[in-house]
Protein chains: 2
Amino acid sequence: MTTEPSRTEHPHRVVIVGAGFGGLETAHRLAGAPVSITLVDRRNHHLFQPLLYQVATASLATSEIAWPIRYLLRGRPEVTTLFATVSGVDADGHRVLLDDGDALPYDTLVLATGVRHAYFGHDEWEPFAPGLKTLEDATTLRRRILVAFERAERETDPQRRAALLTFVIIGAGPTGVELAGTIAELAQDTLPPDFRNIDTQKARVVLIEAGPRVLAGFADDLSAYAQHALESIGVEVVLGQAVTECSADGVMYGGHSLQSKTLIWAAGVRASPAAEWLNAASDRAGRLEVQPDLTVPGHPDIFAIGDTVMIADADGKPVPGIAPAAKQQGRYVADCIRKRLRGETTAPFRYQHAGSLAQIGKRKAVIDFGSFKLRGTIAWWIWGIAHIYFLIGIRNRLSVAMSWLWIHARDQRAARLITQGSSKVVR
Amino acid sequence: MTTEPSRTEHPHRVVIVGAGFGGLETAHRLAGAPVSITLVDRRNHHLFQPLLYQVATASLATSEIAWPIRYLLRGRPEVTTLFATVSGVDADGHRVLLDDGDALPYDTLVLATGVRHAYFGHDEWEPFAPGLKTLEDATTLRRRILVAFERAERETDPQRRAALLTFVIIGAGPTGVELAGTIAELAQDTLPPDFRNIDTQKARVVLIEAGPRVLAGFADDLSAYAQHALESIGVEVVLGQAVTECSADGVMYGGHSLQSKTLIWAAGVRASPAAEWLNAASDRAGRLEVQPDLTVPGHPDIFAIGDTVMIADADGKPVPGIAPAAKQQGRYVADCIRKRLRGETTAPFRYQHAGSLAQIGKRKAVIDFGSFKLRGTIAWWIWGIAHIYFLIGIRNRLSVAMSWLWIHARDQRAARLITQGSSKVVR
């Protein structure tokens, strides 16, 4: 028998916008608190973004890294999950506005609305250099990558064939590095026996970074190792060069022109419009500035967490836009709400940096835990085990482990599907 | 070391159009024959259509029932796989014409181009009642079914909510029966704990059939059993009623109007335009009429096989449009080509009906092997084992077995993902 929370007591109403790592953690950590929760997301699924690049590179299926949000909260009768799009916040009226005209009253609001990729004022580049934030982004990239090989197989003009076999990744953060390494793996290990007219091992994978090194968030020596490891599997690393043009024909940087039919954008993000909803202060990337207790200045009943927020850690360095940071903030906010309901005061949020991990390709990874650094094959095993551990549920853990086993034991990638269009439509 | 076939000998050129069960079987059975093969498909994947309804009902992921065509033929250097769309056949010039202007010369042509769903002259119904033939069809249906529950959860008007919770399947062949049963399972077992405002167990699933019974291809008593089993899990079976109207509001049949926001078309198919390409005789559904040796009349070098062909078995009954029939025809044609190259004559094609299987839902199935008939739970186990056996590769067999284990042991369906659109786009 399930016990319905008594609606007559009017429990404290918490509305959480966004079911990413931060929003979901807030909901989880409020279990048992005297609140009713409404969790709103315009998607029906929570996404494990750290492995999204593996969907884009045909290594994993979409359902291996995504879960229906309401399934994750099925055991919590006080949580209502809404599949809806937020269009604004009426802070005076304490209401979240939905695009279909409905409104959700709140006593406490948690904004965990994330980021999208951004083009630094060059939105016209998006059709040519798509980014990677959603499942649809990933299946779009997968289609583009696989179609490029298919078209190269049929292309007889050497120059056009070379452009089809040139893959350019813009931005050498973890996503860019992981994409470049996995595309190189795909071209070198998975695809060669399947093609007759092209040698997929001759495909060029070019990683362009405006800064002086790859993986800028990691220690210098790990960056150097990652660059070397990428180059050893054939990735061309271009550093200190900002891209000045993206088009259907390729990319321009530092006066060079590189012909390519597949550009991928991994260079920058822009926060959700949460700052605009509140008419609140934000940085250049649109990230909300928040108080030390993660509330929005002037709105003590509105918390903002995760990638959509700009906050410094104890050393004055910005808290990175990664899953563990969002989860820590979600946990902190849930704790804050509980304490407030008990009339207790709260200490400021303090970010604990656990570490950074990135996979490079060909069974190599780098791990930077500050005092503890690791690179190479053992780092790759730790990377893999850590990611399987953080997946939700035994079923997906087994499934991802099996997919990886097949990739590494048999060079077989199960998700090499071109969907959303036949050969006619996608040309 | 692989031995390249000597190109200087000009081996007999076989072009196969379509990599479904028939086309792929032809290519497989020609292994070792003195031919060069080009296999053309406008998709990059072979699809295991008998389980497509399980993708549409969130039971399986797309990659569990689809394989890259060129991966399946990677060990066959004499086979070239082309991702291309055929626009016609120049029979006099012995060339297959592609939509991008290229042409493929052939000595023998095998047309295995399949069918699409058809609306008997009511193509305007398609947007309201989509059918199920491709992976995109399946993810579209999955989105519609899941979005209907999501919208019902937020709908306050009782009449509109009822329309959202009414699912109408038109056509009670195996696909219609399997869809109806699985949607009922979804509503009754999987979804109830996840929703707060609706009782998904009260969802209506209505199966409408113009003929006098469900599963017309099965024996009478199995049809009666299937109908009873469907009704016992809450499916409303309407027989002897042709649908006269499909719209955004629902469906009309026999003067009745049924309000529903989710209609699914499983009532009819139309053959590919292969008959038009050849200006050849076809039946009402566009299926090519072929000679007893499966060649097209007047074109002894053109074979046509599978669903796109109309041919009678030894008893004068039409050969059904099912995977085993297409595979038998593919095997026959490969054998014919070998014999012709050796100067031997060939006997006419003879269809051997192995049997029919259909899953009903809630661990029940019917099996009709002619002399041997079976129904109920044991039939369901045989159905499941047979389908896993016919999947390609250990990886997909393990994966599907694991997905089914989770569905039946834990009522959890991994693929409950609404993709291609946020809540804003899909409304």
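The radius of gyration here is taken over C-alpha atoms, and the globule rule is 2.2 Å times the number of residues to the power 0.38. The model is predicted.

**Exercise 1. Work out whether the radius of gyration of chain A agrees or disagrees with that of a compact globule.**

Step 1. Take the chain length: 427 residues.
Step 2. Apply the rule. A compact globule of that length would have a radius near 22 Å.
Step 3. Compare. Chain A has 23 Å, which agrees.
Step 4. The C-alpha trace of chain A spans about 75 × 45 × 45 Å along its principal axes.
Step 5. Buried residues make up 51% of the 427 residues in chain A. Of the contacts in chain A with a separation of 6 or more, 64% join residues 24 or more positions apart.

**Exercise 2. Describe how chain A is divided into domains.**

Step 1. List the secondary structure. Chain A holds 12 helices and 25 strands.
Step 2. Assign the segments. Domain 1 takes 7-42, 84-117 and 269-341. Domain 2 takes 123-267 and 355-418.

**Exercise 3. Characterise the contact between chain B and chain A.**

Step 1. Count the residues. Chain B gives 43 residues and chain A gives 43 residues.
Step 2. Locate them in chain B. Six elements of chain B each supply at least two residues of the side that touches chain A: β4 (66-68), α3 (69-72), β5 (79-83), α4 (135-154), α11 (394-410) and α12 (423-426).
Step 3. Sort by class. The side of chain B that touches chain A has 18 nonpolar, 12 polar and 13 charged residues.
Step 4. Compare the two sides. The copies meet through the same surface, because 100% of the interface residues of chain B are also interface residues in chain A.

**Exercise 4. Is N279(B) buried or exposed, and where is K362(B) found?**

Step 1. Take N279(B). Its phi is positive, about 55°, although it is not a glycine. N279(B) is found in the loop between α8 (274-278) and β19 (288-289) of chain B.
Step 2. Count its neighbours. N279(B) has 10 other C-beta atoms within 10 Å. Exposed means 12 or fewer, so N279(B) is exposed.
Step 3. Take K362(B). Its phi is near 55°, also positive in a residue other than glycine. K362(B) is found in the loop between β23 (356-359) and β24 (365-368) of chain B.
Step 4. Count again. K362(B) has 19 C-beta neighbours inside 10 Å and counts as partly exposed.

Note on methods
Residues numbered from 1 in each chain as written. Chains lettered and ligands numbered in written order. Predicted model: local features only at pLDDT ≥ 70, side-chain atom pairs only at ≥ 80, totals over all residues. Domains from an automatic or database assignment. Contact = placed C-beta atoms within 7 Å. Helix = DSSP H or I, 4+ residues; strand = E, 2+ residues; numbered from the N terminus. Nonpolar A, V, L, I, M, F, W, Y, C, P; charged D, E, K, R; others polar. Buried ≥ 20, exposed ≤ 12 C-beta atoms within 10 Å, placed from the backbone.
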